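Hi,

Here is the structure I promised to pass on. Have a look at it first, and then read my notes below.

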Amino acid sequence: MVARPDLILASASPRRLALLNQIGIEPDHLVPADVDETPLKGETARKLAARLAHMKAIATQHKARQTGIDENALVLGGDTVVAVGRRILPKAEMLEDAANCLKLLSGRTHKVYTGVCVLTPSGQARRRMVETKIRFKRLSSNEVEAYLASGEWQGKAGGYAIQGIAGAFVVKLQGSYPAVMGLPLFETVSLLKGEGYPIQFNWLNSASGI
């Protein structure tokens, strides 16, 4: 019987970990990647999300090997980018950033691009991209102020977290809800299965523990 390869998640995001746990996957290692997320000149949101997911996986693989983690491990990286038209919204770190994002998103349709990358031990990258369209209601000044006061926007792409209070702003969503949270589950499972990671084995183990 071939041993299950270790899985490294190239993120410290509790949302991505929770999404993996939801489908019965527990990464063997959490090794967050530190990469420059500044868009390149003329780079589209789609290309940025794909590039960052790949870069994070590469950086994590290098970091993991330096710390003695099994070189045969698979690395899973992901990144989410929010855009209004061709304008890429930041991951809000300051109150002003979040306020500007909400102003742009209010009453409009925007797109969320989520790139996912599985890096093999040989350095081969298997990648997928998911595009989700979301329409926000027109936000009142009271709603914006209350949301900003909640602090949920901190560090979030586009200045909001769909799994929190901002879920109440969504009029319509076309695409993948988990991708907006940070990781498209269908695509992630497909990539991992393609590299021999036993998804269903984990499900059986989970079921036996119920």
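Thr-60 counts as buried, at 0% relative accessibility (buried means under 20% relative accessible area, exposed over 50% and partly exposed in between, with a 1.4 Å probe and protein chains only). You'll find Thr-60 in helix α2; helices (H or I, at least four residues) and strands (E, at least two) are DSSP runs, numbered from the N terminus. Leaving aside neighbours within four places in sequence, Thr-60 is in contact with Ile-8, Ala-10, Val-31, Pro-32, Ala-33 and Val-75, where contact means heavy atoms within 4.5 Å.

Before going on: this is a predicted model, where local features need pLDDT of at least 70 and side-chain atom pairs count only at pLDDT 80 or more, while totals for chains, interfaces and linings use all residues. Residues are numbered from 1 along each chain as its sequence is written, and side-chain values use heavy atoms, with hydrogens and water left out.

Next, Met-181, which lies in helix α5 (residues 177-181). Met-181 is buried too, with a relative accessible area of 15%. Which residues does Met-181 touch, not counting those up to four places away in sequence? They are Arg-15, Leu-19, Ile-162 and Gln-163. Arg-15 is 166 residues from Met-181 in sequence, yet their C-alpha atoms are 6.7 Å apart in space.

Arg-15 also turns up in the largest pocket: 27 residues line this pocket, and Arg-15, Arg-16, Lys-56, Lys-91 and Gly-155 lie nearest its centre. (On a 1 Å grid over the protein atoms alone, a pocket is an open set of points where a 1.4 Å probe fits, with protein on both sides within 12 Å along at least five of seven lines; lining residues have an atom within 4 Å of a point.) The elements giving two or more residues to that lining are α1 (14-22), β3 (74-84) and α5. The volume of the largest pocket is about 510 Å³, taken as the space filled by probe spheres set on the points, which are joined across faces, edges and corners.

The second largest pocket holds about 180 Å³ of space. Its lining has 14 residues, with Glu-37, Leu-48, Leu-89, Pro-90 and Lys-91 nearest the centre. Here the elements that give two or more residues are α2 (45-66) and β3, and β3 supplies the largest share, four residues.

One last stop is helix α6 (residues 185-194), whose buried residues are Leu-185, Glu-187, Thr-188, Val-189, Leu-191 and Leu-192. After α6 comes Gly-196, with a positive phi near 85 degrees.

Cheers
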